[in-house]
Amino acid sequence: MKALVLVGNHSAANEMAAVHFVLSLLAVVLLLKPSSSIAAGRSSGSHGVIGAIVDRSSRIGKEEIVAMEIAREDVYRHFNQNLTLLVKDADQRNPIRAALAGLDLINTQKVEAIVGPQTWEEVSLVADICTDKQIPILSLADTTPEWTAEKWPFLLGASHDNSAQMKAIAGIVQSWNWHQVTVIHEEVGSWTNGFMPDLHDSLREVGAEISQFVGLSPFASSDSLSRELENLEKEQCRVFVVHLSLPLAVRLFEMAKKLKMMEKDYVWITTHHITSLVHSINASTISSMQGVVGVKSYLSETGQRFQDFSSRFRKRFRRENSEEENNEPGIYAVQAYDAIWTIARAFKGSKRRNQELLERVLQTDFDQGLSGKVQFNNHKVAPTQIFQIINVVGKSYRELGFWSSELGFSETIGKNATHSSLMNDLEQVLWPGGPKYTPRGWTEVTRLKPLLVGVPAKSGYTEYVKVEYNQSRNSTSFDGLAIQLFEETVRSLPFYLRYEFVPFNDISYDDLVGEIGESFDAVVGDVAIVANRYKHAEFSHPFTETGLMLIVPARSSNKAWSFIKPFTKPMWASITVITIYNGFVVWLIERPAHPELRGSMLHQIGVMLWLSFNTLFSLQGGKLHSNLSRMSVVVWLFVALVVIQTYTANLTSMLTVQRLEPAVTSVEELLKSNAAVGYCSGSYLENYLAFPRGSPLLASINEALLKVSENGTLVELENKFIRQEKQCQDKDDEIHSLSPNGFRALFIITGGTSTIALVIYIFCIANSFSGLTIIRGLMFSVIKHWCYQTKRFRRRVSNVESLENSSPHHSPNQLSQV
């Protein structure tokens with residue numbers, strides 16, 4: 001017997017080509033065999049033959065077989081339609097076996113549709129055969145890529161896509177502020193192709209990252225599992241996302257418990273591939289999974305149809321699989337049930353098979369599916385939008401709540417449910433180790449690779465960054481405001497961050513930022529935030545003010561009219577008015593005793609103004625004859641003395657304090673003048689005339705930096721390194737021009753005094769001048785008349801009110817005549 005040897009590399013493409021070549025040879029052999037009769041159970045009156053490819057040795061396969069048999073019975077009961085179900089065994093460890101089963105079902109058993117198998121490797125091989133024979137295949141694999149509809153038009157995804165579970169896992173990680181996750185996955189293409197990108201993107205959206213991927217072979221030995229877990233134990237991260245098949249996951253948790261990794265500070269999160277089968281795990285095995293949190297495909301168990309199915313399933317499953325301890329149906333069972341139901345509906349009324357049957361399956365649209373709504377879009381049923389969040393405790397698990405797409409976490413499902421982006425509002429999680437506490441998700445280890453932090457060694461501002469080399473000790477010291485602030489920020493992080501300062505000896509700060517992601521993981525120093533550096537890095541919140549500053553010669557800002565600045569314009573106006581008024585009063589009182597104060601109108605005005613301002617600027621005025629004018633002048637001299645001294649003091653202060661303004665006010669002015677400009681080496685100013693892009697550490701650094709700023713540490717560091725005294729720029733501390741508000745009382749006193757003197761003077765000379773007597777009588781008459789009118793008005797108002805109270809029905813005309 002000759003052996004067929006295939007020579008080539010181990011790439012996936014070559015392996016697939018080899019498998020397809022072998023299948024072609026096997027197909028020729030099977031076609032040469034005489035066609036055998038269809039297996040028992042197929043009657044002459046059958047209206048459809050369906051093939052199924054399942055792994056009878058797995059829990060999923062056992063549930064699927066029982067569910068499909070129940071579906072076949074329900075089809076006969078509801079549609080009076082006979083279906084023949086032919087089941088072929090598959091082995092997930094050997095995909096070729098599923099392909100051979102598919103060839104036998106099509107060529108020998110003459111099936112009209114195929115349901116299954118479970119893994120994508122098996123489905124891809126069977127889909128190639130079914131497309132060639134134009135036989136619809138309803139895949140029960142969790143993954144069905146988007147491009148399959150073009151390559152294999154007869155392949156239909158009958159299981160709900162669970163990619164949304166990655167956002168639910170990211171929500172769990174975000175709820176407890178964990179920033180690093182270790183992923184343990186199975187080294188099978190279908191388990192990683194769609195899973196890795198979705199989980200990576202979902203975690204990045206919540207500020208977390210995958211620290212490492214750990215791939216496990218489906219046939220990994222106990223020694224191999226032990227070595228992998230021991231390596232993980234030495235790492236910092238303590239949050240593990242497990243994406244394995246159930247048998248491998250059970251072995252992993254048993255080994256983790258043996259190594260004491262199912263205790264305090266450890267976090268284990270499982271995907272739906274494990275959690276959706278947790279109901280089938282026996283008590284001895286589930287004891288090693290205490291504290292595990294996982295997402296589980298939501299299955300509505302409240303309807304009467306599901307209750308009827310569940311009751312029949314448990315009885316039949318117990319009878320056919322007595323070795324299993326638990327008989328509850330899971331999501332895989334109801335999906336298999338719905339797949340048979342979908343094909344049966346397509347069979348009904350269909351006269352010929354192949355393309356017509358495919359089209360009728362694609363037109364399926366019914367809400368009564370046990371797994372939810374069954375409707376195909378791009379050859380796949382709708383994805384799962386709701387997941388349950390469970391916590392493994394005791395001999396089973398408890399439901400913490402639900403997660404729904406675009407709504408988040410909630411305790412219940414329905415219109416009245418309250419949703420949140422975090423699961424902290426759900427029931428208390430019992431983590432590994434038992435007590436009710438929140439694990440940190442990390443531990444301090446020295447094996448962790450440090451974060452390389454670049455520091456500008458030639459900074460021009462040693463207050464911020466100071467790098468010194470000690471040649472005798474062959475060491476480098478780092479100090480300054482930016483360095484110590486970074487160290488305080490790291491201490492405030494919710495996780496351990498090991499770092500190492502690395503000096504950057506080049507001058508250009510742009511080159512320093514450009515090295516992020518290559519030579520450095522981050523940069524700390526007096527690095528300004530400018531637009532062109534955003535191409536290479538993301539910046540934390542600035543801890544000090546940044547911007548373009550000009551250091552230029554100063555010039556005096558004193559102007560030609562600086563002497564009027566001690567007083568405001570209203571103050572000057574008030575002084576002028578009160579001065580003229582006081583001068584008028586003195587002039588009027590002293591006019592009879594001084595002939596020189598009489599004369600023409602123009603002469604008298606000039607004399608009055610001279611008298612007014614002479615009193616203001618000279619304390620030695622002329623001789624006054626009247627006590628009234630003396631009283632007015634004495635008070636005004638006191639006010640004038642205060643005003644003059646205040647003006648002198650304020651003007652002296654303004655002239656003493658140097659008032660400077662920049663000689664150059666803008667960069668444009670510098671460019672026009674073609675002046676020489678000096679700047680710090682490496683500064684971005686040369687082009688004007690810190691973390692990699694998307695780093696998950698940025699959010700944590702910003703949060704920790706805010707804490708350092710709020711608790712006063714930033715102020716202490718500024719006072720320590722920046723010793724120069726800051727000049728106060730508040731407007732309240734500047735020297736202002738004085739307004740009339742501060743002299744209001746003095747102006748009232750002097751104005752009131754002069755007014756009193758004027759009134760007394762008028763009354764005193766009333767007996768000597770008949771004209772003044774007449775004026776005085778006229779004033780008394782006006783006052784008397786005003787008082788009489790006021791009393792008469794009050795009397796009339798009183799009479800009107802009395803009239804209104806006594807005769808409420810009087811017309812307006814009658815009221816006017818009262």
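Tutor: Helices (H or I, at least four residues) and strands (E, at least two) are DSSP runs, numbered from the N terminus. This is a predicted model, in which local features need pLDDT of at least 70, side-chain atom pairs count only at pLDDT 80 or more, and totals for chains, interfaces and linings use all residues. Residues are numbered from 1 along each chain as its sequence is written, and side-chain values use heavy atoms, without hydrogens and water.

Student: Is Trp 341 buried or exposed?

Tutor: Trp 341 is part of helix 14, residues 331-347. Since its relative accessible area is 8%, Trp 341 is buried.

Student: With which side chain does Ser 371 form a polar contact of 3.2 Å?

Tutor: Ser 371 lies in the loop between strand 11 (365-369) and strand 12 (372-377). At 16% relative accessibility, Ser 371 is therefore buried. A polar contact (N or O atoms within 3.5 Å; within protein, one able to donate a hydrogen and the other to accept it, and residues adjacent in sequence counting only if both atoms are side-chain atoms) joins the side chain of Ser 371, at 3.2 Å, to that of His 160.

Methods: Buried < 20%, exposed > 50% of the residue type's maximum accessible area, 1.4 Å probe, protein only.
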